[in-house]
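Please work through the following model, taking its two chains in turn and then the side on which one meets the other.

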Amino acid sequence: MIRLAWRYLWSSPLTTALNLLLLTLGLAAVTFVLRASAQVEAGLKRDLAGIDLVVGAKGSPMQIMLAGVFHLDSPTGNIPLATLDALKRQPLVAQAVPLSLGDSFRGYRIVGTTAEYLDLYGGRIGQGALWTRPMQAVLGAEVARASGLKIGDHFAGSHGLADSGGAHGEHPFEVVGVLADSGSVLDRLVLTDIASVWEVHGDHHDAHDADAPKEITLALVRYRSPLAAVMLPRWVNAQDGLQSAAPALETARLMRIVGAGTEMLRGFGIVLLVAAGLSVWVALLHAVRARQGDLAMLRMLGAPARRVAALIALEALLLAGLATVLGLAAGHGLVALLERLLAERQSLRLGALGVSDAEWLVPLLAGGMALLASSWPAWRAYRLDVTTLLQAPR
Amino acid sequence: MLAWGGLVHQYAGAAEPIRYADFALGPGRHLLLRGASGSGKSTLLALLSGLLRVQQGELAVAGTSLQDLSPRALDAWRGATLGVVPQRLHLSEALTVAENLALPALAAGQGADTARAAELMAALNIAELAGRRPHQLSVGQAQRVALARALMRRPQLLLADEPSASLDDEHTLHMLALLLDAAEREGCTLVIASHDGRVIEALGARDDVAEVVLRGKPPAGSPASPASHRTTYWLDEDTA
């Protein structure tokens, strides 16, 4: 029966190809939305890495979170190094990790920090070792791949977070290590001792600033107790020039903003699917009318009415099955393309994912739509007047 | 082989039922069923093929009482017992000749019987057409393929409905010869429904063919003359 349904399906190749294209596009759009949103969410969760609070200079909490956690935006400014000590002294704080930003290498951010930053993400040294003194650098896996730098090579950072800033040629970094690929934000960072940033930027300051208090850009904080979620942001925001950002809250806000676009794309996918469903419905109705002689003959040859009706439903299901395979492949392909695009732009890395739970919806959606579209044509096939059809010449 | 008694069928909404006089056809004989439009011929064919359920009376084909069968059993019985060459051949254009011959098995939910298909294609001289589509066949070739399809499941009753419709004289005689040869070779009873004078003339000369005429109007002076013009009469009683 499957073979027969397959042959009938392709007896009108143009109609079938058009329906297949419509269904595939709809399912690909739905797959893309389901998979991309799941992967973006997984990527964001992974990069949050248990960071409860980001503390930076007064400004937008969203900007602080994007700059401090995902390294996607410019920081709001610098804060005194003393703030880090003050945070560490807070009984509600389990850990406070400093970050100093400001320079980049070929678009990849140079981050002055401590070894604790690696621990937050469970980062491992793939080659070489961690820095032991200023002006030594450890490259993220993606940076090493893109730049081709090896252990022992030297490079100079550029001022600013874009590649267009002036070079710090007089302060070259030495590559002492390369991180193993972690799939996290670490892959696209150049890590160095926090003192390296002070050393590079010392030259930019006037002589009278040389003794000025040292600064960092941000502090990443992990709470000791849930109570801190209530107390600590208030304390930080009350300090002069300080602003706190709770990554979980800001990420949820971000997802809500991104969600509007996601919903729109999902809606577009559903519209495509409905159009495809209608097209399949019309095609099957036409097929039943065009092949009613064939179907009546099947009844005459002994096929029960339900088998003839099942043949019509099977045609729709075969089409849906094929569209599911193509739609899933196209959806995965689009996500892979998005991943590549984001990597090229040194943006967020999507979380690794096999088949997401939500993707099981795709074959269910396709199968359900096929059954819905074929139900009326199948009923028409079930109710065929065999005697009239076989006797009357058409 | 074929018998009915007290057979009456009434369509929903019809004013009068169609009544069929009792009839029996012995083994080794074939049947020519004649009747103009409205005579009840189509209804009788549908009853014989199990597409209509027996409402009243008895109808036995090849030893099976059709009035006792459920719709599902009737489907299975039709597939196993009946071979049909319809007025319009209804060969599927989506399938090759060989695949068309596999349809009877598929309809019954069975695997294709390729050995039987090869045997019939050889017997009907259409073996070289196996890979062709119906539109690539001549009229004569299409008739042979339709006949092969009807014989695939070794039917006990071979039913041909208006086999000469839209055929010229040569093809009509050719088709009749094919049907009679096939029935003889396969050992099945042939029922031909036709009102074509050429068919009536060709079969009328044969001793092994019984002829039944269904008429829409009662003959004058008939002792059982009912009021309805829809009632069926057997004009030729020499049918047993």
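Two residues are in contact if their C-beta atoms, placed from the backbone, lie within 7 Å. Helices (H or I, at least four residues) and strands (E, at least two) are DSSP runs, numbered from the N terminus. This is a predicted model, in which local features need pLDDT of at least 70 and side-chain atom pairs count only at pLDDT 80 or more, while totals for chains, interfaces and linings use all residues. Residues are numbered from 1 along each chain as its sequence is written, and chains are lettered from A and ligands numbered from 1 in the order in which they are written.

Q: What percentage of the residues of chain A count as buried?
A: Chain A contains 13 helices and 13 strands, and 80% of its contacts with a separation of 6 or more are accounted for by residues 24 or more positions apart. A residue is buried if 20 or more other C-beta atoms lie within 10 Å of its own, exposed if 12 or fewer, and partly exposed in between, with C-beta atoms placed from the backbone. Of the 394 residues of chain A, the buried share is 44%.

Q: How far does helix α2 of chain A reach from its first C-alpha to its last?
A: The helix covers residues 13-48 of chain A, which gives 36 residues. The expected span of a helix is 1.5 Å times one less than its number of residues, and for α2(A) this expectation is 52 Å. The helix is followed by A49(A), whose phi is positive, near 45 degrees.

Q: Are α2(A) and α12(A) roughly parallel or roughly antiparallel?
A: Axes are lines fitted to C-alpha atoms, for helices over the stretch in contact, and angles run from 0 to 180 degrees between N-to-C directions. On that basis α2(A) and helix α12 (residues 361-382) of chain A pack at an angle of about 150 degrees, with their axes 10 Å apart. Angles under 35 degrees count as roughly parallel, over 145 as roughly antiparallel, 65 to 115 as roughly perpendicular and the rest as oblique. The relation of α2(A) to α12(A) is therefore roughly antiparallel.

Q: How do the residues of the contact of α2(A) with α12(A) divide into nonpolar, polar and charged?
A: From α2(A) come L23(A), L27(A), V30(A), T31(A) and L34(A), which meet L361(A), V362(A), L365(A) and A366(A) of α12(A). Ala, Val, Leu, Ile, Met, Phe, Trp, Tyr, Cys and Pro count as nonpolar, Asp, Glu, Lys and Arg as charged, and the others, Gly among them, as polar. The contact of α2(A) with α12(A) therefore divides into 8 nonpolar, 1 polar and no charged.

Q: Is G331(A) buried or exposed?
A: G331(A) belongs to helix α11 (residues 305-344) of chain A. Leaving aside residues up to four places away in sequence, G331(A) touches A28(A), T31(A), F32(A) and R35(A), and its C-alpha atom is 4.5 Å from that of F32(A), although the two are 299 residues apart along the chain. Because G331(A) has 24 C-beta neighbours inside 10 Å, it counts as buried.

Q: Which positive phi does H71(A) have?
A: H71(A) is placed in the loop between α3 (61-70) and β2 (79-80) of chain A. This residue counts as buried, because it has 23 C-beta neighbours inside 10 Å. Although H71(A) is not a glycine, its phi is positive, at about 55 degrees.

Q: Are α3(B) and α5(B) roughly parallel or roughly antiparallel to each other?
A: In chain B, V97(B), N100(B), L101(B), L103(B) and P104(B) of α3(B) meet V145(B), A148(B) and R149(B) of α5(B). The axes of α3(B) and helix α5 (residues 139-151) lie 8 Å apart, at an angle of about 30 degrees. The two helices are therefore roughly parallel.

Q: Which element gives the largest share of the side of chain B that touches chain A?
A: In all, 27 residues of chain B are in contact with 21 residues of chain A. The elements of chain B that give two or more residues to this side are α1 (41-48), α2 (71-81) and α3 (97-107). The largest share, 6 residues, comes from α2(B).
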